[in-house]
Amino acid sequence: MEVEKKRRVAEAEGDGKGDPQRAVERTPPEDLGTEHPLPDADRCRAILEKMMLIRRFEERAGEMYAKAKIGGFLHLCIGEEATVVGSIDAMRESDYLLSTYREHGQALARGTDANAVMAELFGREDGCSRGRGGSMHLFDLERRFLGGYGIVGGNLPLAAGVALACDYKGTDDAVVCMFGDGASNQGTFGETMNLVALWKLPVVFLVVNNQFGMGTALERHSAVTDLSQKSAGFGVPGPRCNGMDVLDVHAAVREALRIAREDRQPRLVEAVTYRYRGHSMADPEEYRTKEEVEEWRRRDPILNFRKRLADEGIVSEEDADALDEHAIKAVDEAVEFADASPFPDLAALYDDIYVFGEQVRGWHTVDERSPDVHPGEQEREAPEVSRELAEAGAAYANVGDAQERRRRHREGGKPDEEPGEGESAGEQREDEGGDD
Amino acid sequence: MPAMRYREALGLALREEMHADENVFLMGEDIGVFQGAFKVTQGLLEEFGEKRVRDTPISENTIVGMGVGAAMTGLRPVVELMTINFSLLALDQIVNCAASIRYMFGGQVKVPMVIRMPQGAGHQLGPTHSHSLEAIYLHVPGLLVAVPTTAADARGLLKAAIRDDNPVIFIEHESLYGQRGEVADNGEPMRFGEAAVRREGDDVTIVGISRMALTAEKAAEELATEHEIDAEVIDPRTLRPLDLDTILESVRKTNRAVIVEEGWPHGGVGANLAALIQEQAFDYLDAPVERVTGADVPMPYSKPLEQAAFPHAEHVVQAALATFKDV
């Protein structure tokens, strides 16, 4: 009885946790973070330029998604640019970066060519993952960007393993691992924090706290909402910073990286930020109000940084406009590049599943798409009917040379009556059913 | 050729490869101070130190994931999981990361790691420690799967697995750790994708998976002495890559096939193999392909029930005889 009474009292006095109908005010953190002096002019310009590129890239990606140039899910980071650029700018070139599936900005901030990122979103051969990964799985080994990962919390153990390799080999490289507030509820969060603290690994975790795990607000998915506290019990302490202020994020991550690298103590930094757009493009955003979004937009990381640079005479408004024009142009070029890049060769379907060394004998993979069963690794020498069926399948993609493929498949039958490619510039994406 | 136990052969392979390549290291629960739940890693902590023989907390998904991350950046981790049932906790990292990373990132990185785990019934460990789940890993493109049954194969295949640039699921068998067998004097690794013909025969092909290769051999002896049937026994040794050619060659000779596995029947290794055999050697078959599998139940604890729930030689003999019943 006593328990029941306490429960009722708690409900009556409750803060609305667990009640989806009750609107919770999520105002930007006024008192979070401190104002930092500006770095030198070139650095300021580079930071602004990077944030602008990411903003413009994401806007165009959204448009390309609406035009069905991009498939699957598309998670945009508009609003989070300061968190992305501030943290990555604090890294050395030899450090490693791992991220979640909302990682176009991370790749661009790390220096991956916008062309290669856009081509990946388009599913093309020149994409940074050769069209095999898509929006959620960008990768750039050369820049030590070790991937976007589609499983929430799945990248934490990997980052710990990369940090272990840095430690094992005796280098002073460190690792930055980014994930959202939602990932702090996964089992891998606690497991990984414990292990990196136990083994004193050089890794910094950056929680991009954008207030929502998909559509579930922070206070409805996490009992402890100060996420910087959540890892402390496992031995990985760290600060909160203002994720809308690029310099505050930079300072917090730089110091955390120093401690991880020099003192061999892993750290977690929570960046409090906000994404202006939905979780993905298939998000009706019924979990928040327009006023709330507007309130955060007033703290826009790009506009505020830009204004400060103008006020302090570092980058004039005209110069900033020119940088923005430059970003728009770069993104235009990326779209052109992506559109011109070919789709991957159908015969390459089975490439790169295995590394073939001494052990080429045997059936590594089995192609069962046609009556001509064969090892997948022999796809390039597959019988004619297998190739025809592959082309018939690919024709359902309704892109590229779909018409030609269909014609070839019919072999002398009537050519397609539909004119042109399956996807004209004006075609709009139909509504998608769900989301991840 | 020296004789040693299966567990010693595995330990020897680990030692040899750790000496040969300083990037090879071990991670797992109780592999160091405790010397390994099945004593495979006995003595290795003392020999190689804590940097290379790492006791981990009980966090299967994360230690496998750390192995993947380390493998992506140049190391060659060998992760030990205490049983194959526990590996289910790591299924996310095994399937979504280890198996997929090379492909989904367009071939930019490789994941050279080994995940060792024992499977199998017979020790009254009940439904969370006794299963045979090789079919789950066989299902996944991107993984290699080894199921060694002899001391020589254990050593040769583990060495090959460590040197290979792909993620390898290395499935040992709890009942085999104490088995003795001869191993070669030289330390050459064995090639994956090469089946062993354990016994030659002309009348029926019996394919035995993991420990069931030994059960199949026992059944073959009985078929010869009691029924005048000359069985050919094949141990595939690795399921990915699979030496399908050797199996098909045998079936084309004997015209009959029996597949024996300890795992569950639905979607099992035998189901897969039977499909491949009928697709590619249908005209040679004189009888339907027979399967002998573990019972379609969680493994019971009670000793008689447990023994009844996985195949013995008698089951295999009956299945082989069934392929002759209409002749």
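**A tour of chains B and A**

Start by selecting the two domains of chain B, where 25 residues of domain 1 of chain B are in contact with 25 residues of domain 2 of chain B, two residues being in contact if their C-beta atoms, placed from the backbone, lie within 7 Å. This is a predicted model, in which local features need pLDDT of at least 70 and side-chain atom pairs count only at pLDDT 80 or more, while totals for chains, interfaces and linings use all residues. Residues are numbered from 1 along each chain as its sequence is written, and chains are lettered from A and ligands numbered from 1 in the order in which they are written.

To colour the domains, select 3-182 of chain B for domain 1 and 196-322 of chain B for domain 2; these bounds come from an automatic or database domain assignment. The C-alpha centres of domain 1 of chain B and domain 2 of chain B lie 26 Å apart. On the side of domain 1 of chain B that touches domain 2 of chain B, the elements giving two or more residues are α6 (134-138), β6 (144-146), α7 (151-163) and β7 (168-173) of chain B. Helices (H or I, at least four residues) and strands (E, at least two) are DSSP runs, numbered from the N terminus.

Now show the whole of chain B, which has 12 helices and 14 strands. Its radius of gyration, taken over C-alpha atoms, is 20 Å, close to the 20 Å that the globule rule gives for 327 residues, so chain B is as compact as a globular protein of that length; the rule is 2.2 Å times the number of residues to the power 0.38.

Next, move to chain A, whose secondary structure comes to 15 helices and 10 strands. Look there for an open sheet of 6 strands with parallel pairing, in the order β2-β1-β3-β4-β8-β7 (chain A), where two strands pair if DSSP finds at least two bridges between them. Its edge strands, each pairing on one side only, are β2 (145-148) and β7 (240-242) of chain A.

Within this sheet, select residues 203-209 and 267-272 of chain A, which are the parallel strands β4 and β8, joined by 6 bridges. Here A:V204 stands opposite A:R267 in β8(A).
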